[in-house]
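Open the model in your viewer and keep the selection panel at hand. The stops below go from one selection to the next.

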Amino acid sequence: MKDFIRKNQTDEVTGLFTMMYFMEDAHYLLREDASGNIAFLYFDVENFKEYNLKYGFQGGNKFLRRIASILRDAFPDALLARLNDDHFMVAVENKNIELRLEYIRQAVHDFDQNLAMEVKAGLYVPAAGIQDVALIMDRAKLACENVKGRYDKGWDVFDASLEEKLRLKNYVVSNFYRALEHHDIEIWYQPEIRTMTRQVIGFEALARWRSPEHGMIPPNFFIEVLESAHLIHKLDLYIIREACEDFRRVREHGQGWQEARISVNLSRLDFQLTDIFADIERIRQEYKVDCDRLRLEITESALSEDDSNLMEQVARFQAAGYEVWMDDFGSGYSSLNTLKEYDFDMIKLDMRFLRDFGKNRKAGIIIQSLVDMAKKIGMHTLAEGVETEEQYEFLKCIGCEACQGYLFGKPQPLAPAADSYAKKDSTLTFEPLDSSEYYQQVSSVNVLSSFPLHMEAERTGHISQLPLAIVEQGDTRDSFSYLYVNKAYWEYLRGIGLASLEEVVARYRSGREHRDRMMERLLVRCRQSGMEENADFSINGNFCKIHCRHIATDPVRDVHAFVVAPVNLSAQRQRDAVDVHAALWHIMSIFTRIDFLSSAGRAENVYIDETQNRITTEVDSVKGSLELYADRYIVPEEREAFLAFYDMTRLAERQEQVRRDHFTAFFHSRNDAGEVRLKIYLLIPFQLGGIDCCLSCVRDMDGVSSLNPVTPGEVLD
């Protein structure tokens, strides 16, 4: 009989009391204690399943006996019990509890550091008069569950809010299907904004539970509960269906939402509990929604770098035409590893990055670095939590493509959202759907890079600073405008004597100056070649070079975007030679090109505007470059005369004949746009190191625009 009683009072593995004996003995303890000074502690070992997998059943039992020994050491005079599995209970005098818990935590951690074993504890000290042992144990357990999964806290104390939390959890699970049926769960919408244009590029669909009994249940709370109950996929599919229904309704009523796109959130469990791809495809096809209208957001904490199934599913969605975004980037512990493994279309920077913006200088540096990194690996960025104009301007300056936050609108139901963004006097407008790809390409320019004109593979490893602008133009100069300028570009403008972008735009649109007409032709050439092009020009005594590349075309407005990087070469000259250099650059700018030619066979371009290419970059010999130039730019009937004019072997003889230090000729010449003009060619001979050389200078014939009856050839006097 003694053996039978002992067997039913103690746990066979650990030797501690069983739960039934603990509850009986605890009842007497509470009756004898009138001061309410008995502490009840509930213990739960995290990662115990991993320990069992690694060491097997016998190893697991050995570990449980070790836990029991640690508890005896920490609480020698306490009532101890193993409830089940890796759960333990202690009833002890409320004295030095915190020190004992720290001892237990460290002892368990040291037992096997490779598995990072953690013990979580919940503490409840019942007031005098509370003697329901089952209730006491439940409350201690609630306190323990409140710290499970957290690495910054090992134990917690029960308070009444935890019990309310438990009741609300039970309510969420038991009333979830009723809430779906009665549409107590509403879909609210928050706008996502293109930073460059301040237009709406879409809305994030967010679940809000309006309970008849509890009012608005916090979304973070019920989403966590539904994930634990493995019901989250039901919620996510409900949100997608409701959003598709909402947007079909507003499109049919012509409220201006024809361009709207929706971002919906997916849980990691969605990929485990159902064929989420097939389910979403079924809903999308039912409502006749195109793939590019739905964007799928997966929270960063749901991702794992070694989850091959999830990687395959993400790729499956993208192959079908969906955009897949990473939500809350930076909120987890493995953000960078996740980026390495997954190919996302957009990463949403967690709103906590902007929370200390303006107070903590590191916040801006981190955001800027993340945007730069994302551009380099080919991903777009959206910043959450934008609340001020200062934050918005910063994001725009660093090239963060999109943003979201209370500055542009709080989440709200469909009706007020439609009123906010569809009215004529709305402050926000929709980005045309057909322009989306255009702005995606424009936004791919890394404005933080020193080589933004290069493709990503071309600029890898380059680090520098330079003036940069993104400009836009259609078929006429009047459509020219700026989309973006950086700080260095402002400094460049001030350095060449221009006070504002408005002044630059007005000058350019007027087309009065040669350099503005030259810039227009440069943009055309960039669009035609698809390559980086450049040209030289002078302005206010400054000699400048401008690099340019076409990056995208908007089919909706028929405009083109270009990235422009100018360099003020005069700014690098010595101060004591400013006036001389300015005069020289001005003289050079009179000509459309200047080339150096040597009888030894060397040819080199000194200066060129945008109308022709640098022949010497293709052929550096005098004979080859002259023949290529004649073939490309001189009209056929004048090519023989042109090559005779540039005969380097007769320079001395010709100088004796004309008795001048230069030769002049007129030839009808093409530019890269195919236009033919009469140009003046000036040849200035000289000797350099005993070798006959000359400068070839070319300029337009003033007042003569086309094939006028001017006889080509050399002017002798």
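Start at the second largest cavity, which holds about 140 Å³ of space. A cavity here is a set of points on a 1 Å grid over the protein atoms alone where a 1.4 Å probe fits but cannot get out, and lining residues have an atom within 4 Å of a point. Volume is the space filled by probe spheres set on the points, which are joined across faces, edges and corners. Select R593, D595, L626, Y629 and S696, the nearest to the centre among the 14 lining residues. Strands β21 (593–598) and β25 (691–700) and helix α23 (622–633) each give two or more residues to this lining. Helices (H or I, at least four residues) and strands (E, at least two) are DSSP runs, numbered from the N terminus.

This is a predicted model, in which local features need pLDDT of at least 70, side-chain atom pairs count only at pLDDT 80 or more, and totals for chains, interfaces and linings use all residues. Residues are numbered from 1 along each chain as its sequence is written, and side-chain values use heavy atoms, leaving out hydrogens and water.

Next, go to the largest cavity, with a volume of about 280 Å³. Select Y482, V504, D516, M519 and F537, the closest to its centre of 20 lining residues. Then colour α21, which gives four residues, the largest share of this lining.

Finally, select L235 in helix α8 (residues 232–252). L235 counts as buried because its relative accessibility is 1%, where buried means under 20% relative accessible area (1.4 Å probe, protein chains only). Show I223 as well: its C-alpha atom is 8.5 Å from that of L235.

Note on methods: Buried means under 20% relative accessible area, exposed over 50%, partly exposed in between (1.4 Å probe, protein chains only). On a 1 Å grid over the protein atoms alone, a cavity is a set of points where a 1.4 Å probe fits but cannot get out, and a pocket is an open set with protein on both sides within 12 Å along at least five of seven lines; lining residues have an atom within 4 Å of a point.
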